Amino acid sequence: MGFSFLPKESNFFILFSKQAEFAVTAAALFVEVTTKGIYDEETVRKMRSIEHQADEVTHEIIERLNKTFITPFDREDIYTLTKELDSVIDMIYTITNRMRVYKIKEINLDLVEFANVIEKSVHALTVAIEGLKDTKRPQAALDSCIEVNRLENIGDNMRDAILGKLFDTAKDPIYLVKWKEIFSFAEEVLDICEDVAHVIESILVKQA
Amino acid sequence: MGFSFLPKESNFFILFSKQAEFAVTAAALFVEVTTKGIYDEETVRKMRSIEHQADEVTHEIIERLNKTFITPFDREDIYTLTKELDSVIDMIYTITNRMRVYKIKEINLDLVEFANVIEKSVHALTVAIEGLKDTKRPQAALDSCIEVNRLENIGDNMRDAILGKLFDTAKDPIYLVKWKEIFSFAEEVLDICEDVAHVIESILVKQA
Amino acid sequence: MGFSFLPKESNFFILFSKQAEFAVTAAALFVEVTTKGIYDEETVRKMRSIEHQADEVTHEIIERLNKTFITPFDREDIYTLTKELDSVIDMIYTITNRMRVYKIKEINLDLVEFANVIEKSVHALTVAIEGLKDTKRPQAALDSCIEVNRLENIGDNMRDAILGKLFDTAKDPIYLVKWKEIFSFAEEVLDICEDVAHVIESILVKQA
């Protein structure tokens with residue numbers, strides 16, 4: 001295995017920014033499709049393409065990690081950060097695809113609201129990730145991590161309210177099973193965003 | 001980052017004991033509410049308060065871990081131990097809150113039984129955690145870990161019997177979906193307790 | 001703790017081969033029982049026996065890891081490899097047992113197909129694990145890892161098609177809840193196989 005002596009830090013930062021951009025693109029597309037209520041082959045194909053490109057960046061980060069002797073942060077943190085960020089995109093893809101499998105053709109306003117919270121959370125993550133480049137001034141990054149935690153709490157409450165409504169009003173158990181899963185997945189995206197924020201906070205604390 | 005030269009060991013042990021106490025309080029409250037069958041706002045508020053306080057201890061342990069150079073055990077083990085112990089409490093909160101969301105107002109004797117097994121398992125964990133203070137005499141801690149494993153097996157069998165009964169007798173699929181989830185969550189608490197026990201065993205083996 | 005000075009590498013390889021063999025046995029039994037559609041006490045007892053024996057090998061690997069100073073690969077990778085491989089077997093056991101709990105007595109051809117894909121994936125894993133013995137010639141192992149990834153994709157598509165069919169045609173929501181879970185579990189086996197393949201790839205890259 002060849003070790004390069006070029007500065008590796010910049011590479012990792014460029015790759016993390018790239019990965020974060022794919023998360024932004026996935027979240028924006030998710031807002032778009034939930035707003036239109038269209039979950040067809042074409043939509044899923046687009047989302048899969050984003051997910052595949054993001055996968056390649058993840059693999060590049062992990063490969064680079066395996067081949068690099070000196071890393072800007074703890075190896076374990078870099079690994080967890082890229083894996084969790086990848087999971088955010090995977091999960092958005094999973095929901096979109098599941099909507100297609102369930103042949104859903106309606107606009108669900110609760111899901112649109114969730115998509116908007118997800119987009120905000122992913123946006124806050126990109127700010128936090130940018131902040132890793134300058135760990136001597138971590139305030140903006142730390143504030144963004146707090147925002148991600150706040151949005152996860154909002155998502156929890158939204159999921160509870162939606163579940164309560166579903167179980168109160170649903171006459172059709174098959175309808176209930178579908179939407180219970182969709183909203184659990186949506187809330188899970190926010191959970192994973194929070195995991196990403198925790199890794200970033202942990203990196204910032206160690207560098208402080 | 002400032003490194004302190006005071007003995008750090010005692011700090012970690014005090015914090016782990018504190019975290020374990022919150023797990024005990026959560027498990028005891030869970031026994032109480034399942035016995036009464038009351039899952040109202042007030043109950044959830046109490047459980048959330050325990051969960052929040054436990055969260056703060058978890059954060060304190062992780063922050064201390066990030067700032068401490070010499071730790072009594074492998075850093076990774078300390079991290080996993082505090083995270084998993086936190087998950088035990090989170091999961092008990094999740095069940096209680098889900099019962100509120102599902103507007104459950106009945107006493108379910110199977111769930112009461114589960115709550116009692118959870119309480120026993122959490123109690124055994126506190127003994128095992130105390131044992132970490134004196135790793136030269138690990139027997140009581142190891143015995144407690146075995147007890148946690150035993151209780152997890154009991155929980156597995158209980159969950160299977162309850163699921164079998166549910167699917168045999170439930171006429172209302174919505175009722176079935178609710179309770180299937182509740183009992184899966186209950187069994188998951190015991191799974192996470194077992195994960196905690198495994199970390200403790202692993203620490204004890206390395207120190208032996 | 002006593003450190004042995006005997007070569008430890010061979011021990012880990014022998015134990016990993018043993019663990020992989022149990023995965024093969026579990027997958028073969030799963031093909032057999034799905035083909036016959038018999039999920040009785042006797043079947044579950046056999047599967048549990050395989051799972052227990054595999055558990056013992058996992059514990060042996062972890063104990064050896066805790067007591068060994070120099071390991072053939074990164075400690076973390078050995079730990080993850082043995083845990084994930086163990087999860088493959090656990091999950092096959094879980095499905096078989098759940099079928100018993102659900103009192104399923106029919107042959108489901110979709111599940112038979114899944115069982116065959118699982119068997120292929122586990123077989124590919126054994127080839128990849130053998131490859132760890134000679135990391136200077138990693139091609140066969142790497143090809144097997146790619147095959148595991150390919151089979152996971154196939155499983156994803158199978159699961160989607162089966163779910164779509166279930167939700168399109170199922171009149172009985174309780175039937176739907178059962179089989180939705182069974183097929184999610186079946187796909188999860190392939191997901192975990194892919195996790196195993198990822199660890200192996202990562203080990204091979206580091207050794208290259």
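Predicted model: local features only at pLDDT ≥ 70, side-chain atom pairs only at ≥ 80, totals over all residues.
**View 1. Tyr175(A), a partly exposed residue in helix α6 of chain A****.** Here we zoom in on Tyr175(A), which sits in helix α6 of chain A. Tyr175(A) has 14 C-beta neighbours inside 10 Å, so it lands in the partly exposed class. Now look along to Ile203(A), which is 28 residues away in the chain. The C-alpha atoms of Tyr175(A) and Ile203(A) are 43 Å apart.

**View 2. Helices α4 and α5 of chain C, packed as a roughly antiparallel pair****.** Two packed helices are described by the angle between their axes and the distance between the axes. In this view, α4 covers residues 109-131 of chain C and α5 covers residues 139-169 of chain C. Their axes come within 8 Å and cross at roughly 165 degrees. An angle over 145 degrees counts as roughly antiparallel, and α4(C) and α5(C) are therefore roughly antiparallel to each other. As for handedness, α4(C) makes a left-handed crossing with α5(C).

**View 3. Who meets whom between α4(C) and α5(C)****.** On the α4(C) side, the residues in contact include Phe114(C), Val117(C), Leu125(C) and Val127(C), along with Asp110(C), Glu113(C) and Lys120(C). From α5(C), the partners include Val148(C), Leu151(C), Ile154(C), Met158(C) and Ile162(C), plus Glu147(C) and Cys145(C). Sorted by class, this contact has 14 nonpolar, 4 polar and 4 charged residues.

**View 4. Where chain A touches chain B****.** Chain A puts 12 residues into this contact and chain B puts in 10. Which elements of chain A each supply at least two residues here? They are α5 (139-169) and α6. The top contributor on the chain A side is α6(A), with 6 residues. That side of chain A is made up of 8 nonpolar, 2 polar and 2 charged residues.

**View 5. Where chain A touches chain C****.** This time 10 residues of chain A contact 12 residues of chain C. On the chain A side, two or more residues come from each of α2 (41-67), α3 (75-101) and α6 (173-207). Again α6(A) gives the most to this side, with 4 residues. By class, the chain A side holds 6 nonpolar, 2 polar and 2 charged residues.

**View 6. Around the axis, with Pro173(A) beside it****.** Turn chain A by 120 degrees, with a shift of 0.0 Å along the axis, and it lies on chain B with an RMSD of 0.0 Å. That is the relation of a three-fold axis. How far from the axis is the nearest C-alpha of chain A? It belongs to Pro173(A) and is 3.7 Å away. The two copies use different surfaces, with 17% of the contact residues of chain A recurring in chain B. Chain A can also be laid on chain C, by a turn of 120 degrees and a shift of 0.0 Å along the axis, with an RMSD of 0.0 Å. For that pair the copies again use different surfaces: 20% of the contact residues of chain A recur in chain C.

Definitions and conventions:
Residues numbered from 1 in each chain as written. Chains lettered and ligands numbered in written order. Axes fitted to C-alpha atoms, helices over the stretch in contact; angles between N-to-C directions. Parallel < 35°, antiparallel > 145°, perpendicular 65-115°, else oblique. Left-handed = near helix turned anticlockwise from the far one by under 90°. Contact = placed C-beta atoms within 7 Å. Nonpolar A, V, L, I, M, F, W, Y, C, P; charged D, E, K, R; others polar. Least-squares fit on C-alpha atoms with pLDDT ≥ 70 in both. Buried ≥ 20, exposed ≤ 12 C-beta atoms within 10 Å, placed from the backbone.
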